[in-house]
Amino acid sequence: MSIHPDQQPIQSSPTGNKSGRSGDGSVDRRPVTITQLFEKKALGEPLVMVTAYDYPSATVVDEAGVDLVLVGDSAAMVVLGYPSTTPVSMDEMVMLSGAVRRGLKTPLLVGDMPFGSYEASNEQAINNAQRFIKEAGCDAVKLERGGASAERAKAIVDAGIPVMGHVGLTPQSAVQLGGFRAQGRTAARGKEVIEEALELQQAGCFAIVLEAVPSELTEALVPHLSIPSIGIGAGPAADGQVLVYHDLLGIWQGRPAKFVRQYEQIREAMVRGVGAYAEEVRTREYPSSEHEYQMAPDEAHELQAWAAGIHNIGFSKNLG
Ligand code: KIV
């Protein structure tokens, strides 16, 4: 890989103050804080969250000016090729989150606690949440469901780490929920989802993701939340929206969920680009003269004369 001098990785100052003037002379925005998220909610300004999983996607979402970035355990499927979110490990999530951290200047960074990293005990939950903060540089963590997860959320918050909750369709328990399908479509199940959200708020979560729930449920819940709600397939009443990077850009080749709007078709462009490269290599159109390095003619003559004198026997002597 080649990095041009004008493409150096982003560096934060050791003090953590990332505002100031960047290389191109523009003024950087200051890092988003949880206080700002509450201010935006109070002003009715929609919050924008998106997932990212590596350095280049982090630089894209940073430049696009989103408020929050989630290193979702959806990474399991969209970047690691697992069939569901459950196999992804803490080590994999920490590695991906660290790469995203290095590409972000402004948005609040949330690391998604993978299946099996917080359920067993409060101690396990705190230890793994700390890994996201200490090893990957995340600002906060996210976990799924209420009930026992609300107790874990409280333990992590009490340990000084901000926590985002997640209710409705919680992919880590998709099998229990009857598959990847909308949740809370009956009044009885809707009440359970609302109760889980309120438990997570009570536990001290600073925000909550509502995934694949009817708009009526979101409308009934939001007036009871003092914390920002971030919807994904939860209708327009949530305080913000989140989408998976690979879904909104059309990079993921699977059938998108009902709630996804694809803003670009990047995968098609990627396949076209790699296909055009393959074709030009095969037809010898690439590389052409503008891609070649040249020697001065006298250097070239000397080298060619020397190379012509190389014989298999004594090759290493000639090199000396
Ligand atoms: O893992 C993920 O990407 C998520 C979002 C869909 C909220 O949890």
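Start with Asp 158 and Lys 154, whose side chains come together in a salt bridge with 2.7 Å between N and O. Keep in mind that you're looking at a predicted model. Both residues sit in helix H6, which covers residues 148-158, and they are four residues apart, or about one turn of that helix. How open to the outside is each partner? Asp 158 has a relative accessible area of 56%, so it counts as exposed. Lys 154 comes in at 42%, which makes it partly exposed.

Salt bridges also turn up as a linked set: Asp 91, Arg 131 and Glu 135 are joined into one network through shared partners.

Now for a pair that reaches across the sequence. Asp 239 makes a salt bridge with Lys 41, and their closest N and O atoms are 2.9 Å apart. What does this pair tie together? Lys 41 belongs to helix H1, while Asp 239 is in the loop between strand S9 (229-232) and strand S10 (240-243), so the bridge connects parts that lie 198 residues apart in sequence. Are these two residues buried or exposed? Both Asp 239 and Lys 41 are buried.

Next comes Lys 40, whose side chain meets that of Asp 67 in a salt bridge, at 2.8 Å from N to O. This one also links distant parts of the chain: Lys 40 is in helix H1 (residues 34-43), and Asp 67 is in the loop between helix H2 (55-64) and strand S4 (68-71), with 27 residues separating the two. Lys 40 has a relative accessible area of 24%, so it is partly exposed. Asp 67 is at 7%, and because buried means under 20%, Asp 67 falls in the buried class.

Let's step back to the whole chain. How many salt bridges are there? The count comes to 10. The protein chain carries 12 helices and 10 strands. Of its 320 residues, 42% are buried. If you take the contacts between residues at least 6 apart in sequence, 56% of them join residues at least 24 apart.

Conventions. Residues numbered from 1 in each chain as written. Predicted model: local features only at pLDDT ≥ 70, side-chain atom pairs only at ≥ 80, totals over all residues. Heavy atoms only, no water. Buried < 20%, exposed > 50% of the residue type's maximum accessible area, 1.4 Å probe, protein only. Contact = heavy atoms within 4.5 Å. Salt bridge = Lys/Arg side-chain N within 4 Å of Asp/Glu carboxyl O.
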